[in-house]
Every structure is written in C-alpha cells, then in structure tokens.
Amino acid sequence: MATYTTDQRQLFTGSTIAVLKPATTEQVADIVRLAAHRGIGIVPQGGNTSYCGGATPDTSGRQIIVSLERMDRIREVDPVSMSISVDAGAILKNVQNAAANAGLLLPLSLGAEGSCRIGGNIGTNAGGLSVVRYGMTRDLLLGIEAVLSDGTVVSDMRKLRKNNTGYDIKQCFAGSEGTLGIVTGAVLRLAPLPTRRASAWLKLASGAPLAELLALVRRESADLLTTFEFMTARSIALATEAMTNPPSVRAGSGGTVLAEFASSSRHVGLDELMEAVLAEAIEAGWIEDAFLAQSESQRTAMWQLREAIPEGEKRRNGSVKHDISVPLSSIQRFLDLAASQVRSYDADLELSVYGHAGDGNLHYNVLVPPDVDRTEFTKRIESGLSLQLYDTAAALGGTFSAEHGVGRFKKHLLERYGDVGRIAAMRRIKKAFDPAGIMNPGAIVRPWRKEPAS
Ligand code: FAD
Ligand code: MLT
Ligand code: ZN
C-alpha cells in the first residue's frame, strides 16, 4: 500500500486500515455508511499528485483510503451543451482527450494531467496553465455527484449554466480536499477547441513590469491569451537538465514569459497578432527579444520545458515550495521584496522562481542543496524564511496557497493568515457536512477547536 500512504513528494507517510477501490457510487455510499458506523476516518484519493498531504492518511491507523481509480468512466460528452460528464476517478488527460474527440476543449491543464484525477482536481480546485483565460477548476464545474458523510448521495449532474435555486452545493466541494464528502462524478464546462495557436518565448528585460506587459498582451490580443507563464533562468536550467532533448532557448535578463494565444476561428491571424504585440513590447523596452514557435514541434518543446521544471527541482534534491499569489498590481513588488528577504536570510540559497504570472501566482521555490538532508533543510526554511515570504505576500494582499491547497501541511498557515470570521465559517460548514468528523480528519481545518469570541 506504500504508494497510497505516502504523498508524491515523499514528505509524509501515514498508515491505513485498508485501501478501498469502489467501482460505483453505491459502493462509495456503502463504504461511507460502514465507516460512519465504526467511526473510521476516510481519506479520499485520486491520483495522489497533490502537494499539501491532503490525500495521505495520518499515522493513527484509524483511517481508510478510498481510491476513486476504478471509477474512471467518461459518462457523456454533449457537444451542443458543451459539457462533459465523468466519473470522479477519470484521469484528467483522458477527459481532455474525450472532449477533443468531440471537437471541444476541457480547459484545465497542468503538469500532472497524465495522473491526476477529476475528483482530486475538484478537491484541490486545481489551477494550472490556462487559468488566465478559463479560470480555476471551480469555474468549469457545472454539476456534481457526491457522497456525504452519512452515505447520502447528492445527485446534481446537470449541465446548466444558470441555476439559482438556493445554495450552490457543488461549489462547496471545490477546494474542500475531501473534508466534506467524496465526489463521485462531475459535469464540466467545455470550450471551443482551438485550431490555431501562437506561442512565444519572451525574453524579458531586467525589471520588466510583468503586470503592464500582461495588460498589453491581453488587450492587444483581444483577450485571446490563454497562457502567461513566467520562468527565471535558474528554473529553465533545471528543466533543461531534466530533459533528454531540451530546446536551445535562453532566458532574458529579467526572466522569460511563455505566452500563448489560441483561437478556434480560422479567420484570426494569430501569428500576425502575436508579432504586432511583441513589437509593441520591444518598443516599450519590456522585452529584449522574442521567439515565436514556427512549428508544432517547437511549440511542444517550449511547453515541455515549462512542464519539466518541477521534475528538474526533484532531480536536484527537491525544493521548499511557496505557492504564493498576490494581486497582479503587486507582483513586481513581491519579487523585489522577496529577493531581498532571501539575500538577508542566507545569501547562498538558490531559488527556482516561476509560475502562472498571468494569475499573480508564483512558485517561489527554495532549492534544497544537493548535499543536505531534505527534511532537515525543509524544516529550517519553513520555520524561518517561508514565514517571511508568506508575511510579505499577506502584506500585499496575497495568499500562502494559490492553487495547491492546505491539506495537512499548511493548516498552521491557514490559522496564521486566515481571517477569523472566515475560519469560523469554514468550521461551521465542516460541522454541518460532517458532524462526526470522519471525512479526511486532520485536513484543512481543526473543526472542533473553540471559535474565538468576536
Ligand atoms: P489527490 O492528490 O489524490 O487528492 C488531492 C485532495 O483532494 C486530497 O485532499 C484528497 O483527499 C481530495 N480528493 C481526491 N479525490 C477526491 C474525491 N473524489 N472527492 C473528494 N475529495 C477528493 N496543481 C495545480 O493546481 N496547478 C498546477 O500547475 C500543478 N502542476 C503540477 C505539476 C506536477 C508535476 C505535479 C506532480 C503536481 C502539480 N499540481 C498542480 C498539483 C496536483 O496535480 C493537483 O493538486 C491535482 O489537482 C491533484 O489531483 P489528484 O487526483 O492527484 O488528487
Ligand atoms: C507547476 O505549476 O508546475 C506546479 O504547480 C508547481 C510545482 O509542481 O512545483
Ligand atoms: Zn503551478
């Protein structure tokens, strides 16, 4: 059971009574009823690719893992309603492919798409590489099927774009990390499948204003921008080391942006549009140079490079990850303040900074030196520098977790940075959905703690 009881970064190993693999929603409901009767905790698990330990049981030996991996059917693609209905255990890549076969796009894309599953994407409210155009997982959620903590089945697999009939229950599950129930099915919104793409590698000038550049690119592309990914030279070098055939691209002195326009229309000249936008950005002095992919293989190579960064970090000896986001207007300020915090904390530390700059989301990762103990190093950074970086993000109106969630690893951060009223509301939701506290105990909130008097 080792692959189920350890998180994918191997930071934490728990124990479990059993790994259960139901094949139907009825079986999930049976399992939940039995667990409720025995007071056993349930940890729902999808692809086990998440970063905050939410899919890993604790060490009590009083929890079961419910893996959705056998529930992987594509139930229906509806090209007219532009929706897809799936089992929660369907692998993201397979859902993308099923949509593409019907000429449509499931606009959720992330490096782990070959192994993460829709229930896990909903559980973490995953973001990824095309949020700037299409939003997070919750923005794609039209309908849900889920089993509540007493075995009740919520069956709301409708394809409606509009349905104002009381509380939006499906949205409670987005980002709930298995603490409110087990998602067994979902209806997701699809978009027209892009038939044309223009992908460019923008070498940024030193101190280039990312937010202004983004605004220019969005405006002048008529909002056809789907991706605006920032990468520093160090992150690119790490990715290059992890690839067998890396493209020979370099970063600018201020880093690089991978920008992509996409359109389903045959009537839009995307390359011309991209060239005009890049010329304006060069004229403004924000980019030193740019490279527009001339073929699908060049485009794929750029993407592979971006997606190889986490693997590059892992190969080196891993990283202490900081998945911060700040308002776009403060992104440059965060980069400046954080760089000086790192310098004064320990000038020898190496960083891998990259991420979804179009969403104000940076992965501000501190590399673990090759020759040190990863656990010790992580503990040291997380109790010192990490808090300084999070304080900076918080002071700028940002967050300590933009897209990776809270899970088991970041609960203390939620308590440190979360608004008191918001946490109280979360505890009440948790109690209402899961009065016996059997759904993923120990993840996100400590539900039974007394609420502070206001
Ligand atoms: P799991 O890890 O199995 O579970 C995640 C959480 O959801 C757990 O709390 C679990 O209990 C709960 N859960 C799982 N299934 C269900 C269910 N059926 N019902 C209720 N709760 C459930 N994330 C991003 O947001 N953006 C990225 O760009 C990104 N890139 C990544 C790149 C790599 C290389 C890797 C390894 C990970 C990346 N991730 C990214 C993180 C991860 O892939 C996402 O968080 C993903 O959504 C997790 O899906 P999963 O199926 O693996 O979920
Ligand atoms: C990514 O954007 O690549 C991930 O969210 C961050 C990571 O894997 O470290
Ligand atoms: Zn990311």
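Me: What makes α8 and α10 roughly antiparallel to each other?
Reply: Helix α8 (residues 210–220) and helix α10 (residues 270–283) pack at an angle of about 150 degrees, with their axes 10 Å apart. Axes are lines fitted to C-alpha atoms, for helices over the stretch in contact, and angles run from 0 to 180 degrees between N-to-C directions. Angles over 145 degrees count as roughly antiparallel (under 35 as roughly parallel, 65 to 115 as roughly perpendicular, the rest as oblique), so α8 and α10 are roughly antiparallel. This is a predicted model: local features need pLDDT of at least 70, side-chain atom pairs count only at pLDDT 80 or more, and totals for chains, interfaces and linings use all residues. Residues are numbered from 1 along each chain as its sequence is written, while chains are lettered from A and ligands numbered from 1 in the order in which they are written.

Me: Which residues of α8 and α10 meet?
Reply: L213, L216, V217 and E220 in α8 meet A276, V277, E280 and A281 in α10, where contact needs C-beta atoms, placed from the backbone, within 7 Å. They divide into six nonpolar, no polar and two charged; Ala, Val, Leu, Ile, Met, Phe, Trp, Tyr, Cys and Pro count as nonpolar, Asp, Glu, Lys and Arg as charged, and the others, Gly among them, as polar.

Me: How do you know that β5 and β9 pair?
Reply: Two strands pair if DSSP finds at least two bridges between them. Five bridges join β5 (residues 83–87) to β9 (residues 182–189), which run antiparallel, and I84 has L188 as its bridge partner in β9.

Key: Helix = DSSP H or I, 4+ residues; strand = E, 2+ residues; numbered from the N terminus. Contact = placed C-beta atoms within 7 Å.
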